[in-house]
Amino acid sequence: MKRQHMLNVVWIAILYLIGANQPADCFAYEPNAEAQNASTAGQAVVRRPASASERAIAETAEGYSVSGPMDGNRFSTSANSVWLGTRKSGDVWQVTFSEPTVIGSILQINSDDPHRMANAARNYSWQISDDGNEWTNLPDTIVRNEKRLFRIHRLKETVTTKHIRLVVNLAYGQAPALREVEFYPSTASIVPFDEWFVAVSSDEDPENLAIGLPFVALARLCDGWTNTQAQTLWHGDFDPDFVSIEPRPMCAFFSGSYLEWCQCNREPWRGVQEVLLSRSLPMWGSCGGAQVFAILEETGVDQPWDCPRCRNPDKPLLPIYSHIGHTGKSPCGDYSKCIGERGKFQMKIEHADPIVQDLPDVFEIVESHIGQINHVPNGWHRIITKGPGAHTVNQCLRTDDCPIYAAQFHMEIYESTMETSTLIMSNFLRIAHEWNAVPHDGPPVID
Ligand SMILES: [Zn+2]
């Protein structure tokens, strides 16, 4: 990717400045770094290890590295590039500079897993000290229930300090892990960060995050996105706060699900509903992920949900959700007497849209569902409908005013539809990239 290349050039320039052969524990302090850098592409220089007296200090799990978070390798999960602490509560990772250093922003890459919060800081703050004994909290860095793998802390005002430390009051997993920490001199420093996305689990089980990984695998098959970063997340943790923290995700994918909507807790979907209705992020929903977009759009989390099995036909609670058909009676969530679409089916393009660029008018893709979106919600339109032999009419819908797509089919089950799946994914990533390239911070279009 072009941006990755730019980043590499900046890193090489920084390494050249500080001398790349110095020990990894060392820390480069360039007093005039900000001034020097103002003339080089507007990038702020990261404080990096450069001398034995300026080093990271921490108790470290065996085999892990106290200086790993400052090795310039942001995303590596290998032990020699990661600091893993020794306790669930009370771990500290400290950096001592040789002289007072100005800090305005901190990039923090959490967790020893590339995609989820495994061993990671959960409740924490950064603290500073002049003498290494008396410590002061940086209030702008206090985080409770951290959900983000990648976070940029922006201080309201810069601080000048000799010592800075991360104090972890509570960790996910056994102890906190840091993959990278970068200190920047300005509260507004440009922190280069390649576009990344969230793969959200629509499943009821908060632990089943792996259901989002096929989106990551498919995206990385697309030209220009081979190394893209992604975080998997449970839908109950997805909300406007998660989306607005820097570095902001480029888009979000929502997986399918297993339970009937009458069996699901509605409240965990509230944050998704808020982001959806704010039209503030490109999103893609597959199967259950598509159905829930339509449900949140039309009915929302504050009204009860039913399914066609428990529905009072005179008073349907979720008129936007139906089944393909039934072969007999069965309880909610028992799909043995439901008509399903499983395997490859033909789709037909109905409405021009960049998402179907370069696709033939009729194409094959994988389906696996018994439920369906019954009608097109207000403010949405249909892009793709069923082709010959398929049952479900509403195959891909899109909001009128933001690239938010609800697709009944599974592009992410791509083994037998590689060409079509990578084409749709490439189109979506390009659309999301272009949408993010211009500001969209106006008022929400829908109340
Ligand atoms: Zn039901």
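# Close-up views of a predicted model

**Figure 1. Overview of the protein chain.** Residues 24 or more positions apart account for 72% of the contacts in the protein chain with a separation of 6 or more; two residues are in contact if their C-beta atoms, placed from the backbone, lie within 7 Å. This is a predicted model, in which local features need pLDDT of at least 70 and side-chain atom pairs count only at pLDDT 80 or more, while totals for chains, interfaces and linings use all residues. Residues are numbered from 1 along each chain as its sequence is written. The protein chain has seven helices and 18 strands. Helices (H or I, at least four residues) and strands (E, at least two) are DSSP runs, numbered from the N terminus. Of the 447 residues of the protein chain, 43% count as buried. A residue is buried if 20 or more other C-beta atoms lie within 10 Å of its own, exposed if 12 or fewer, and partly exposed in between, with C-beta atoms placed from the backbone.

**Figure 2. Helix H6 and its surroundings.** Helix H6 spans residues 288-298, and eleven of its eleven residues are buried. Among them are Val 292, Phe 293, Ile 295 and Leu 296, as well as Gln 291, Glu 297 and Glu 298. The buried residues of H6 pack against helix H5 (270-278) and against strands E10 (251-254), E11 (283-286), E12 (321-323), E15 (371-373) and E18 (404-407). After H6 comes Gly 300, with a positive phi near 85 degrees.

**Figure 3. The contact between H5 and H6.** The axes of H5 and H6 come within 10 Å and cross at roughly 75 degrees. Axes are lines fitted to C-alpha atoms, for helices over the stretch in contact, and angles run from 0 to 180 degrees between N-to-C directions. H5 and H6 are therefore roughly perpendicular to each other; angles under 35 degrees count as roughly parallel, over 145 as roughly antiparallel, 65 to 115 as roughly perpendicular and the rest as oblique. H5 contributes Val 272, Gln 273 and Leu 276 to the contact, and H6 contributes Phe 293, Leu 296 and Glu 297. The residues of this contact of H5 with H6 divide into four nonpolar, one polar and one charged. Here Ala, Val, Leu, Ile, Met, Phe, Trp, Tyr, Cys and Pro count as nonpolar, Asp, Glu, Lys and Arg as charged, and the others, Gly among them, as polar.

Figure 4. E10 and E11 pair in the parallel sense over three bridges, where two strands pair if DSSP finds at least two bridges between them. Phe 253 stands opposite Trp 284 in E11. The chain crosses from E10 through H5 to E11 in a right-handed β-α-β crossover: with the strands pointing away from the viewer, the path from the first strand over the helix to the second runs clockwise. E11 and E18 run parallel and are joined by four bridges, with Ile 404 in E18 as the bridge partner of Met 283. Met 283 and Gly 285 point one way from E11, Trp 284 and Ser 286 point the other way, and all are buried.

**Figure 5. The open sheet of nine strands.** The strand order is E9-E8-E10-E11-E18-E17-E16-E13-E14, with mixed pairing. Strands E9 (229-234) and E14 (362-369) stand at the edges, each with a single partner strand, so one side of each is left without a neighbour in the sheet. Neighbouring strands of this sheet are turned by 25 degrees against each other on average, direction ignored. H6 packs on the sheet, touching E10, E11 and E18, and the direction of H6 makes about 115 degrees with that of E11.

**Figure 6. Antiparallel partners of strand E3.** E3 covers residues 91-110. Strand E1 (residues 55-58) runs antiparallel to E3, joined by four bridges, and Arg 55 has Thr 96 in E3 as its bridge partner. E3 and E6 are antiparallel and joined by 14 bridges; Val 92 stands opposite Val 167 in E6. Six bridges join E3 to the antiparallel strand E7 (residues 177-184), where Ile 109 stands opposite Glu 180.

Figure 7. Most residues other than glycine have a negative phi, and most peptide bonds are trans. The peptide bond from Glu 246 to Pro 247 is cis, with omega near -10 degrees; Pro 247 is found in the loop between helix H4 (240-244) and E10. Ser 111, in the loop between E3 and strand E4 (120-129), has a positive phi near 80 degrees. Ser 111 counts as buried, with 25 C-beta neighbours inside 10 Å. Asn 145 has a positive phi of about 55 degrees and lies in the loop between strand E5 (136-137) and strand E6 (150-172). Asn 145 is exposed, with 10 other C-beta atoms within 10 Å.
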